[in-house]
Amino acid sequence: MAGAGAGVLALGACSGITLAGTSQLGPVTTLGLDARQVRLDLEGTPVETWGYNGTVPGPEIRLREGETLRVPLRNGLPDPTTVHWHGISLVNAMDGAPFLTQAPVEPGAGFDYEFVVPEAGTHWYHAHVGHQLDRGLYGALIVEPRHEELSYDREYTLLLDDWRDGLDDRPEYSAGHGGHDATDDPALPADPREWVSFGGRFYPLTLVNARPPADPYTLDVRLGERIRLRVINAAADTGFRFAIGGHRLTVTHADGMPVQHVTVDAIRIGMGERYDVLVDADAPGAWQVGVMPEGRTGYGRAILRYLDAAGSTAPPPDLHPTELDGRLLTYDDLVNTGKQETPAAGSPDRTFALTLSGTDILADGLDPTEPFFVDSGEWVRFTLRNESMKWHPMHLHGHHFRVSTPGGNGPLKDTAAVPARGGELTFDWRADNPGAWMFHCHNHYHMEDGMMRTVTYRA
């Protein structure tokens with residue numbers, strides 16, 4: 001059966017009550033988001049931060065593919081804000097890109113988002129002004145398919161986050177892209193895993209669903225059940241390695257798009273990426289769900305607890321499952337089983353050769369401030385080479401792209417990490433959603449430092 005928690009969340013306008021209705025567009029779900037200051041308790045320490053509807057993460061939104069989502073946003077923050085709907089190929093004016101698709105919503109003002117959600121899958125929403133993502137302004141957006149092909153007994157959504165708000169008084173804007181590159185030293189670390197660094201800022205805590213290691217989020221299961229996990233990296237500056245002690249992960253979706261099932265011990269998940277995995281509950285006890293920041297210190301966790309194994313003792317907060325060092329998922333493991341459209345004769349209509357260097361996305365023959373112009377209907381190829389010291393999870397708004405892999409049928413994604421120190425990645429995408437769209441690194445500090453370009457459709 002479909003997992004626990006499936007269904008439309010009952011939330012809505014500014015009061016927090018959802019209204020389900022219909023219009024000429026079909027079924028409509030209305031959810032009001034109230035962005036304001038909230039208080040969290042982190043390991044006994046109260047902290048002030050920003051969130052939606054008084055919670056971190058914000059309310060989980062659920063609806064079905066092809067339906068309409070209506071979100072009246074009210075800004076109770078002291079700064080302007082917008083909401084970006086990450087992973088949704090929506091109409092350009094609703095994308096939430098500040099100064100590109102809309103003016104930021106001023107304090108005390110509002111903005112009504114309304115759009116059709118065409119793609120089923122695990123997506124999310126978050127603030128997209130300045131460094132607001134590095135607070136608590138994010139939440140899950142789950143779009144259920146018209147016909148669910150997976151079979152599972154329970155479902156959990158896990159939002160992974162690096163946390164400093166209220167715990168670290170260093171200025172947000174104190175370091176530029178180069179200044180916080182801890183791996184700029186040419187002496188590489190002895191552990192090759194430490195080469196995989198997505199950022200360099202200090203974060204006192206790693207959270208899972210806003211819960212710290214000393215007060216972990218718990219996933220209850222029963223022996224023999226199959227569990228669906230929707231894992232979302234909502235961090236601003238940290239890539240994670242994710243594994244569960246005593247269990248393997250069967251990956252079914254990448255960035256919400258279906259892939260041929262592949263079983264691994266661990267996944268690496270860059271900022272903005274999502275993976276759906278199935279876990280067979282066949283090892284009674286209490287097990288560590290380990291979340292290890294890549295290339296830096298720190299550790300987060302949740303607990304997988306069998307309800308029919310009474311008396312099982314939870315593992316200590318710092319226990320690292322051996323699976324974290326086991327078989328690690330790569331993009332080459334992922335085979336698309338969704339949309340099968342490909343460029344005619346395998347050749348794109350337009351190619352951009354891009355270099356990620358310092359704070360820039362440089363393109364051969366183009367001025368750094370010039371948009372990437374495309375024509376509607378074209379197949380576009382981006383080839384990226386990363387000459388910096390950090391991995392960069394690159395996100396294209398409003399589209400999905402096909403990652404090039406040796407098997408020739410790579411996954412459809414909207415965010416993909418380019419390895420550091422000469423790493424390369426190629427992906428193709430169909431120019432089928434007119435407008436002006438952001439293309440940027442999903443390390444929001446890198447983006448704010450300038451690692452962002454615009455893709456613009458010609459009229």
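Predicted model: local features only at pLDDT ≥ 70, side-chain atom pairs only at ≥ 80, totals over all residues.
Let's begin with the rings. Across the whole structure, a search turns up 15 aromatic pairs. Select Y52 and Y125 to see one of them: the ring centres lie 5.6 Å apart and the planes meet at 50°, so this pair counts as tilted. Now colour the strands around these two. Y52 belongs to strand β4 (residues 45–52) and Y125 to strand β9 (residues 121–127), so you are looking at a link between distant parts of the chain, 73 residues apart.

Next, pick F382 and F439. Here the centres are 5.0 Å apart with the planes at 55°, which makes this another tilted pair. F382 is in strand β25 (residues 379–386), while F439 is in strand β31 (residues 436–441), and 57 residues separate them. F382 and F439 are both buried.

The charged end of R135 sits over the W50 ring, 4.1 Å from its centre.

Last stop: a sheet. Show the strands in the order β12-β11-β14-β19-β16-β17, and you have six of them in an open sheet with mixed pairing. What stands at the edges? Look for β12 (205–208) and β17 (257–264); each has a single partner strand, so one side of each lacks a neighbour in the sheet. On average, neighbouring strands here are turned by 25° against each other, ignoring direction. Zoom in on β12 and strand β11 (residues 154–163), which pair in the antiparallel sense over four bridges. To finish, click D162: its bridge partner in β12 is T206.

Key
Residues numbered from 1 in each chain as written. Heavy atoms only, no water. Phe/Tyr/Trp six-rings, centres within 6.5 Å; stacked < 30°, edge-to-face > 60°. Buried < 20%, exposed > 50% of the residue type's maximum accessible area, 1.4 Å probe, protein only. Lys NZ or Arg CZ within 6 Å of the ring centre and 35° of its normal. Pairing = 2+ DSSP bridges. Axes fitted to C-alpha atoms, helices over the stretch in contact; angles between N-to-C directions.
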